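User: I'd like to learn how to read the contacts and helix packing in a model like this one. Could you walk me through it?

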Amino acid sequence: MTGKPSSDMIDFSYYPGCSMATTAKECSLSLIQACKYLGLNLIELDDWNCCGSSSAHCIDMQLSFELAVRNLTLAPPHRPLVVMCPSCFRNLRQTKHHLAHSKKLQELVARRHLNPVADNLEIIHFLSVVGKMDLKKLKAKATRSLKGIKIAPYYGCMLAGPPPFKPEPGDSVCIERMLEAFGAQVVLWSNIRWCCGTFLTASKPEVARDAVNTIMESAVASGADCIVTACAMCQINLEMRCTQEKKIPILHFSEILAIAMGADENEWNTWFRYHLVDPRPIFSKLGG
Amino acid sequence: MSGNINIHPEKVRGKSLSEEIRNLCGVDINTCLQCRTCASVCPFYEAMENAPHTLFRKIQYGLREEVLTSSAIWICVGCNTCASQCPAMIDIVAAMDALRHLALEEDIRIPEEDILNFHREVLNSIERYGRTHKLEIMLRYKIKSRHLFSDLDTGVVMLARRKLDLRPSRVHSAKEIKRLFKKAWQKT
């Protein structure tokens, strides 16, 4: 490890969600490493459950609420709850919003659960945690320049909305600003928030394929070497469903962060082996 | 999103479909302007037999069965691209949740059975383990939908790259999770 672990640590509660443990192991591994460099101490919620994913809110609104609430009651009030998966983030944040606006729901939760959901519990996506950091300090902490790498930043759809949630000022260019601070060349392209098809990948693969190909085609046309995304679902869909002849690797935001902050080649190869489109040729030129 | 979900949905009955949607999720479809913004930004518009704005017009007209048997309400993944641009600020995703709820309640023909089967397998997995076990979800879904051999190559690659775990990750408080699924408890 060439990067230095940070000496002062800030505590956060952490909700990993199902993907981090399975289809996005590389995201989880690189996140843990990036957090060491950044001084973020992620404390996993004890015995968390699935947030209900898209399926609960699609076919059982009540169950969707119940599943998300159980997780929220596990979070202590005095530290923010960091979420890595945008879909979990949306479900948890939306449920908290429903609770805040309904006395009836608050009473119901108080009746059924051992712990209440803290009124002031802050639910925050990891991207915003990093986005709120001082860019100059972040740049000073970086040990490796990403100079020479052209990157298409891709947010996916789940971080925005639903109304009345609006992205915080600056959030819409958060990945771009960070990549530029690390020396990478950010390309401008069109489909930065185009939906990848999420669960249609299972039951209507041809629909997800068309969405994914639209995204990949414009990323490739922009001249990017790789795509960097904040969403684990988008990452796997883009890798799995793209049928374009030319495709570029899709990295999790946490991977590029850990690389810039000091992970070495052996370390990044331990996550890159989980990728279906190999990112190693792009990064080997950076040197270990 | 109004923060107005009804989690005791037996009380939704209303004079019209739009009233029932309002009772379920607080969204008023009658404010739709028919500007077509939703249709022009929807990534899955071509896969739907009714564009979102057409669906809303039919709701305004009270064409209940046509709306509830529409494939569009199942194909919508809730990406919020439409809702974030709707000039009438209609929470379209919440309305779609409500429409699916009503369709399931009516016990009418669901045009996208595969999508429904997939959702059911995801929820079954959460009920069993508290978390999703993706390999089992896919296998059970493929058996149920009789697509056992479709997508086999993708599955093999996913297994080889250790993207699909053989064993599920479990919540320790299994009883607590099972209880969340009990309808009787949900009504307390």
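Predicted model: local features only at pLDDT ≥ 70, side-chain atom pairs only at ≥ 80, totals over all residues.

User: Now inside the chains. Which domains is chain A divided into?

Analyst: Domain 1 of chain A covers 10-126 and domain 2 covers 134-286. Taken over C-alpha atoms, their centres are 23 Å apart. Chain B is also given as domains, with domain 1 at 9-106 and domain 2 at 113-186. There, 28 Å separate the C-alpha centres.

User: Back in chain A, what does domain 1 use to touch domain 2?

Analyst: The contact puts 23 residues of domain 1 of chain A against 27 residues of domain 2 of chain A. On the domain 1 side, the elements giving two or more residues are α1, α2 (25-38), α3 and α5 of chain A. The largest share comes from α2(A), with 10 residues. That side of domain 1 is made up of 10 nonpolar, nine polar and four charged residues.

User: Let's stay with α2(A), then. How do I describe a helix packed on another one?

Analyst: Two packed helices are described by the angle between their axes and the distance between the axes. Take α2(A) and helix α13 (residues 253-261) of chain A: their axes are 8 Å apart and the angle is about 40 degrees. Angles under 35 degrees count as roughly parallel and 65 to 115 as roughly perpendicular, so α2(A) and α13(A) are oblique to each other. Their crossing is left-handed.

User: And which residues make that contact?

Analyst: From α2(A) you have A:Glu26, A:Cys27, A:Ser30, A:Leu31, A:Gln33, A:Ala34, A:Tyr37 and A:Leu38, and α13(A) brings A:Ser254, A:Glu255, A:Leu257, A:Ala258 and A:Met261. Sorted by class, the contact of α2(A) with α13(A) has eight nonpolar, three polar and two charged residues.

User: At what angle do α2(A) and helix α14 of chain A cross?

Analyst: Roughly 150 degrees, and the axes of α2(A) and α14 (residues 265-272) come within 8 Å. An angle over 145 counts as roughly antiparallel, which is why α2(A) and α14(A) get that description. Here A:Glu26, A:Leu29, A:Ser30 and A:Gln33 of α2(A) meet A:Glu267, A:Thr270 and A:Trp271 of α14(A). The contact of α2(A) with α14(A) holds two nonpolar, three polar and two charged residues.

User: One last thing, a single residue. Is A:Met158 buried or exposed?

Analyst: The way to tell is to count neighbours: a residue is buried if 20 or more other C-beta atoms lie within 10 Å of its own. A:Met158 has 28 of them within 10 Å, so it is buried. You'll find A:Met158 in the loop between β5 (150-154) and α9 (174-181) of chain A.

User: What is A:Met158 in contact with, leaving aside its neighbours within four places in sequence?

Analyst: Its contacts are A:Pro86, A:Ser87, A:Arg90 and A:Cys231. As for C-alpha atoms, those of A:Met158 and A:Ala230 are separated by 9.7 Å, though these residues are 72 residues apart along the chain.

How values were computed: Residues numbered from 1 in each chain as written. Chains lettered and ligands numbered in written order. Domains from an automatic or database assignment. Contact = placed C-beta atoms within 7 Å. Helix = DSSP H or I, 4+ residues; strand = E, 2+ residues; numbered from the N terminus. Nonpolar A, V, L, I, M, F, W, Y, C, P; charged D, E, K, R; others polar. Axes fitted to C-alpha atoms, helices over the stretch in contact; angles between N-to-C directions. Left-handed = near helix turned anticlockwise from the far one by under 90°. Buried ≥ 20, exposed ≤ 12 C-beta atoms within 10 Å, placed from the backbone.
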